[in-house]
Each structure stands twice: as C-alpha cells, then as structure tokens.
Amino acid sequence: MRVRTARTACWTICMESRIPRQAIADADMLLRRVYAEGDNYFREDGTATPLAFRLRKDKGESGLSVDVERLTTLERAKKATTDPGKYCLCRLATAHVRSLALCVCHDPHPAEDPENGAHAQIIPFPDRFDGCLDMTGSDKQPPVMLSNSVRDRLAKGALKT
Amino acid sequence: MPPSLSLGIPTQVDDYTSVWSDKIKGLLTIAFSSSATSSVIDAHLSYPVSEELRYQLARIERTRALKADWDGMGAIAPSQATVRMAKRAVKDLGYAGFIPNHIGAGPNGELFIEFKAPGKRQAQVYFSAEDGNELLLIEGDEYPYEGAYRPHRLLDHLHGK
C-alpha cells in the first residue's frame, strides 16, 4: 500500500513537471548552447560564426536545438552538458528567426534530454514534426531551408551571453 | 616532419597548384627548378610566406589535433584530406593577397574559412573532402552567390568585380 502511494506521488510530481507543447511567441527569446572552447564556433571578436548553427548530419538533425528562455533558466540551459564551463549560450529572438521564414516549434522533453521542457527547434517548414504549431514559411516556394546564407543571417542575429 | 611542413610552408610545386593558379604555378615551377630543389629551407627562403599567412596556415594545421567528439556534442574531426585541401586553397589565396580573418572547424568535419575584403564584401568557404566544398559570397545584406566552391568567383568577388 505504501509502495503504491509512493508511486502515485512520484507519477503526480513527474507529470506536473512536464511542460505541455505550446506556441512560441515572437517576443520569446531562444537560447542555443554552443561549444566555446578554442576559436572554432566564435570569432576573435566574440561573434558567432554560422558553424554554431550547422546541422549535425551524423545525428540526422533536421532542426536546430534551442531552449525557450521563458521556460528555463540560463543555468539550466547551460548545465545540460557534463562540462558546462566549456559552453556558452547564444540568444536569439524568435521574431528574427521567423523573419527568415523558419519555424520555431516547441518540442518539450525530447528523448535525448527528457527533463527539458523548454526544448524547441528552429526548423524549416517542410521538415516540421507532427504537432508543431508554427506555420512560418508555408507560403515560400521554393521552401526556405537551413542553407549557408540563412545560417549566416541566424548567426548575425545571435548574441553571446 | 620538417618544421616548415608543420607550419604549412609548401615544399613541392604541387602544393601550390589549383585550378585557378596557373600563373603562380608557372612562376613557382621556374623558381623551384632553378634554385630550390634540394631543400625545403631554400624553398621557404625563395618564397617567403607572410607572418599573417603563416599564422592562418598554422591555425588550419592545428585542427589536425582535433579528435572525434571534440566539442562534446559529437563533432567529427576534420580529415587529413580536408586539412590538406584547405591549406592549399588558403596558400593560393594568400599569394593572391587575401588572408582569411577567421578559420574554424565545424561539427561535420568541415573547415570554415572566412575572408573580409575592403568595403562590405565578405566570403565564407566550407572545405570538406567528404561532402564537397561550398562557397557563400556576401555583400552587405545580400548574398550574390551560394553554391559549390568556385575559386574564380571567390577571387572576382574579393577583387570587387
């Protein structure tokens, strides 16, 4: 009986801490965790290069992982790695991302980071996953993809924090 | 390995060759055959590499030390062929008077080389022996070319043509 009660309590807490999928507002700020050791992803002046917004082909990524700042903390967003001191956060405005005809889709609790309810993806319209509420870019023909020029524009709108 | 090689100083005429550098190749062929065939030091002395170019070549060379997962997020290390290709191109461009302002390794094993010309002209090249080389030309907020790496296009752009 005691075990059953404990399980019920845990289930309740776990479910309560899960954030349901929601629409991301233009005013929302997005945080992208970027490796900051060495001088690969950032220039000497501290600005992000487009490399910080490159999809990882071996992981089969179709969108760029970010956290919605409103749903997390800077510490949480940075600490999702084993060595947070080596990473920094790039802050991006959702409005800037959408101005490039890209979607911002809330994707809470992904398999690779199940405790992260703030997780979202910057993703081209054709690659959106089921349940994504953003239709940005649906009117573009040909569709806008994460090409080098688009990633360069993303990088120019990113602010290292 | 001779120290000159580790710094990226060419030791053979072939190091200078590329589809666009026939003129340079011709000059070097004459010079190598007449005075500097026996020693890499002689070759170095005959064709001094500027400090700036030497620094950037050393930056490329340094990426050879990157191991798999060097960014803790699954990044692929650049292949030897990619490093070799990038060094050759940067040498060619350096002899033409264009020194990169940033060099970095990317998450998919690519090498990112960025050039800034006077005015608002910039160029970004992604070298990858495995996936092909890509070029992005930038002029202010515009992207006049985005596609496969074309050395002629890059040089014309940097020359302001």
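Colleague: What should I know about the numbering and the pLDDT limits?
Modeller: Residues count from 1 along each chain as its sequence is written, while chains are lettered from A and ligands numbered from 1 in the order in which they are written. The model is predicted, and totals for chains, interfaces and linings use all residues, whereas side-chain atom pairs count only at pLDDT 80 or more and local features need pLDDT of at least 70.

Colleague: Happy with that! In what order do the strands of the open sheet in chain A run?
Modeller: Strands here are DSSP runs of E with at least two residues, numbered from the N terminus, and two of them pair if DSSP finds at least two bridges between them. The pairing in this sheet of 6 strands is antiparallel, and the order is β4-β5-β2-β1-β3-β6.

Colleague: And which strands are at the edges?
Modeller: An edge strand in this sheet pairs on one side only. In chain A the edge strands are β4 and β6 (159-160).

Colleague: Is strand β5 of chain A largely enclosed or exposed?
Modeller: A residue is buried if 20 or more other C-beta atoms lie within 10 Å of its own, exposed if 12 or fewer, and partly exposed in between, with C-beta atoms placed from the backbone. A:His119, A:Gln121 and A:Ile123 point one way and A:Ala120 and A:Ile122 the other, and all are buried. Because 5 of the 5 residues in 119-123 are buried, the strand is largely enclosed.

Colleague: Over to chain B: how are α4(B) and α5(B) oriented to each other?
Modeller: Helices are DSSP runs of H or I with at least four residues. The axes, lines fitted to C-alpha atoms over the stretch in contact, have angles from 0 to 180 degrees between N-to-C directions. For α4 (residues 51-62) and α5 (residues 80-95) of chain B, the axes come within 10 Å and cross at roughly 170°. With under 35 degrees counted as roughly parallel, over 145 as roughly antiparallel, 65 to 115 as roughly perpendicular and the rest as oblique, the two helices are therefore roughly antiparallel.
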